[in-house]
Amino acid sequence: EYYREHKVDIRVARIFNTYGPRMLENDGRVVSNFVVQALRGEPLTVYGQGSQTRSFCYVSDLVEGLMRLMNGDFIGPVNLGNPDEYTILELAQFIQGMINPEAELVYKPLPEDDPKQRQPDITRAKTYLDWSPTIPLSQGLKMTIEDFRSRLS
């Protein structure tokens, strides 16, 4: 609307779940929660049965998408995120295996407002920005875990 009224170039990025080094240990996001719990030898808290899905975009991939958006000429919203989808339980088990295979998983009630699925459609990003994420979850988690490990030691 602002673009139509004032003829000012705008860019709109819809950012989906992003993770990576320097995340706050108490930010309440699932990646940091699981990593911190596993490093501290605490049980990993899974809400519901863990069947709700999320996608996880490594921070350097997001930055590249934002730079392409800002330096390009596409006007309109663009989803930036990783379309690869994982259940919360899969993520918990993956992090558990990378840090502490003996860590317990504890299940708590799923909050009523918790979305069942979060997966970005990045068709516009691919089409107009020639962008898609390149860092696989396993590699991104390894770098994230190393960062948390160095800060929590």
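## Buried rings

Here, "buried" means under 20% relative accessible area. Keep that in mind as you look around this predicted model. By that cut-off, both Tyr19 and Tyr58 are buried.

Those two also belong together in another way. A search of the whole structure turns up two aromatic pairs. In one of them, the ring centres of Tyr19 and Tyr58 sit 5.5 Å apart with planes at 75°, so the pair is edge-to-face. Tyr19 comes from strand β2 and Tyr58 from strand β5, so the pair ties together parts 39 residues apart in sequence.

## A stacked pair

Then there's Phe74 with Tyr128: their ring centres are 4.2 Å apart and their planes at 15°, so this pair is stacked. It links distant parts of the chain, with Phe74 in the loop between α3 and β6 and Tyr128 in helix α5, 54 residues apart. Phe74 has 13% relative accessibility, so it counts as buried.

Nonpolar side chains tend to be buried together in soluble globular proteins. The largest nonpolar core here has 25 residues, and Tyr19, Val31, Phe34, Leu91, Ile95 and Leu141 have the most contacts inside it. Helices α2, α4 and α6 and strand β3 each supply at least two of its residues. Another core, of ten residues, lies apart from it and includes Cys57, Val78, Ala125 and Leu129.

## Out on the surface

Val59, Val63 and Met67 form a nonpolar surface patch, with about 220 Å² of accessible area together. Met67 lies in helix α3, and its 45% relative accessibility makes it partly exposed.

Definitions and conventions. Residues numbered from 1 in each chain as written. Predicted model: local features only at pLDDT ≥ 70, side-chain atom pairs only at ≥ 80, totals over all residues. Heavy atoms only, no water. Patch = residues over 30% accessible without salt bridge, like charges linked within 9 Å, V, L, I, M, F, W, Y side chains within 5 Å. Areas by Shrake-Rupley, 256 points an atom, 1.4 Å probe, with all protein chains shown as cover. Salt bridge = Lys/Arg side-chain N within 4 Å of Asp/Glu carboxyl O. Helix = DSSP H or I, 4+ residues; strand = E, 2+ residues; numbered from the N terminus. Buried < 20%, exposed > 50% of the residue type's maximum accessible area, 1.4 Å probe, protein only. Core = buried A, V, L, I, M, F, W, Y, C linked by side-chain atoms within 4.5 Å. Phe/Tyr/Trp six-rings, centres within 6.5 Å; stacked < 30°, edge-to-face > 60°.
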